[in-house]
Amino acid sequence: MNPRVAIGGTLLACVAASLLAGIAGGLLRVGIALPIAADAPWLTRAALSHAALMMCGFLGTVISIERAVAFKHPAAWITPFAAGAGGLAVLADASTLAALLFVLAAGAFVIVNVLLLRRQPAAHTALLVASAVAWLTGNVLLAVGANSSTVLPWWFAFLVVTIAAERLEMTRLMRRRPGAQLTLHLVLAALAWGAAMSALMPRVGGVLFGAALCGLAAWLLTFDIARRTVKAEGLSRYMAVCLLSGYVWLAIGGVAWGASALGLPARDSALHALGLGFIVSMIMGHAPVILPAVARVKLQFGNFFYLPLVLLHLSLAVRLGAGAMSFQWRAQGALFNALAIALFAATAVGAALAWRQRHGPRRISDERP
């Protein structure tokens, strides 16, 4: 078997296992009956470790695969393999091993990003180092037994700062008002400070973290290139719609995070406005350009890509709106959140098959002159 195929297949299996188990565990948490044994041990563990599966086992693996491809060195693949194996260890009830694997993954990720910074000194690569450090901090806290209120801010900081760095890179050629980049760095510094304070002074740290999320949403809505490309057509417009709608959910998540820190019942809104409304919107928006670069799979874009995006936002509005007053509505919203993700996966597969049917089994590199 081709080594690249074996590596890709192994990582794909790890990513799929964490994603599917994380979704199943999340549905179980809101009382959705699944067509599998409800008392299956792995399902119980998936429900208890829903955040670790989604943010480390799934997203940590996917993000580090992208970085390993960019780094072009075999050692960079330590991170995705360790993160993927950590997700499997969670499901195998090896929590200590899972925590150590996540620490290994994040530690290697810090080194990879530091080396990338030395290779390409820039503001966005410096932020990627900061995001990796945030992930390492959260994973170390998990390994030493810290509670979720202490760990989650660092995990979200990892994802949020990663996205901010990528958007900064995309807009680096745009003319911005003086002080825009400094403002972004101050907002992200406040985010890190809020995450750190969440362990010592939860109320103060939570309010600061939420305010920083709102500040980042305002910065992105003001300076991101998506404000211009939303007026374009085709894929560019679709990506911009994903991004701009995600930034709105980022602001909502920030408000809910601060409200939750003040004792209001907004925890589910905070976690899922960020995890689904913001982060999944970013995934939907970037997938058509990331998959060709990383997985060598090109997608035939069409307006059908908007269907899972619309379903995601509508179901999230139900979950966080009516669901705030009724657990039944929250469960229904969560079910359709999962269906939106499944529909997007099916859409991506269908788009890949459509491109292959139209253009034949050529590699992407074959199109280059």
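Guide: Let's start with a helix pair: Leu307, Pro308, Leu311, Leu312, Ser315, Leu316, Val318 and Arg319 of α13 meet Trp329, Arg330, Gly333, Ala334, Phe336, Asn337, Leu339, Ala340, Leu343, Phe344 and Thr347 of α14. Sorted by type, the residues of this contact are 13 nonpolar, four polar and two charged. Bear in mind that this is a predicted model.

Visitor: Why are α13 and α14 called roughly antiparallel?

Guide: They pack at an angle of about 165°, and their axes are 8 Å apart. Angles over 145 degrees count as roughly antiparallel, so α13 and α14 qualify. Their crossing is left-handed.

Visitor: What makes α12 and α13 roughly antiparallel to each other?

Guide: Here the angle between helix α12 (residues 267-294) and helix α13 (residues 306-320) is about 175°, with the axes 11 Å apart. With the cut-off at 145 degrees, α12 and α13 are therefore roughly antiparallel too. On the α12 side the contact includes Asp268, His272, Leu276 and Met284, and on the α13 side Pro308, Leu312, Leu316 and Arg319 are among the residues involved. The tally for this contact is nine nonpolar, five polar and two charged.

Visitor: And how do you know that α9 is roughly antiparallel to α11?

Guide: Helix α9 (residues 202-223) packs on helix α11 (residues 234-261) at an angle of about 165°, with 7 Å between the axes. That angle is what makes α9 roughly antiparallel to α11, and α9 passes α11 in a left-handed crossing. Among the residues that meet are Gly206, Gly210, Leu213 and Leu216 from α9, and Leu250, Gly254, Trp257 and Gly258 from α11. This contact splits into 16 nonpolar, five polar and one charged.

Visitor: Which residues touch the most other members of the largest nonpolar core?

Guide: Trp135, Leu191 and Leu216 do, in a core of 100 residues. Helix α7 (residues 148-170) supplies the largest share of this core, with 14 residues. As for Leu216, leaving out residues up to four places away in sequence, its contacts are Val160, Ala164, Leu184, Val187, Leu188 and Leu250. There's also a second, separate core of five residues, including Ala68, Phe71, Ala76 and Leu116.

Visitor: Why is Lys72 called exposed?

Guide: Its relative accessible area is 73%, and exposed means over 50%, so Lys72 is exposed. You'll find Lys72 in the loop between α3 (50-71) and α4 (78-91). Its phi is near 55°, a positive value in a residue other than glycine.

Visitor: Then why does Ala345 count as partly exposed?

Guide: Ala345 comes in at 42% relative accessibility. Ala345 lies in helix α14 (residues 327-359).

Visitor: How far apart are Ala345 and Ala106 in space?

Guide: C-alpha to C-alpha, Ala345 and Ala106 are 27 Å apart, with a sequence separation of 239 residues.

Technical notes. Residues are numbered from 1 along each chain as its sequence is written. This is a predicted model: local features need pLDDT of at least 70, side-chain atom pairs count only at pLDDT 80 or more; totals for chains, interfaces and linings use all residues. Side-chain values use heavy atoms; hydrogens and water are left out. A nonpolar core is a set of buried Ala, Val, Leu, Ile, Met, Phe, Trp, Tyr and Cys residues joined through side-chain atoms within 4.5 Å. Buried means under 20% relative accessible area, exposed over 50%, partly exposed in between (1.4 Å probe, protein chains only). Helices (H or I, at least four residues) and strands (E, at least two) are DSSP runs, numbered from the N terminus. Contact means heavy atoms within 4.5 Å. Axes are lines fitted to C-alpha atoms, for helices over the stretch in contact, and angles run from 0 to 180 degrees between N-to-C directions. Angles under 35 degrees count as roughly parallel, over 145 as roughly antiparallel, 65 to 115 as roughly perpendicular and the rest as oblique. A crossing is left-handed if the near helix is turned anticlockwise from the far one by less than a right angle, and right-handed if clockwise. Ala, Val, Leu, Ile, Met, Phe, Trp, Tyr, Cys and Pro count as nonpolar, Asp, Glu, Lys and Arg as charged, and the others, Gly among them, as polar.
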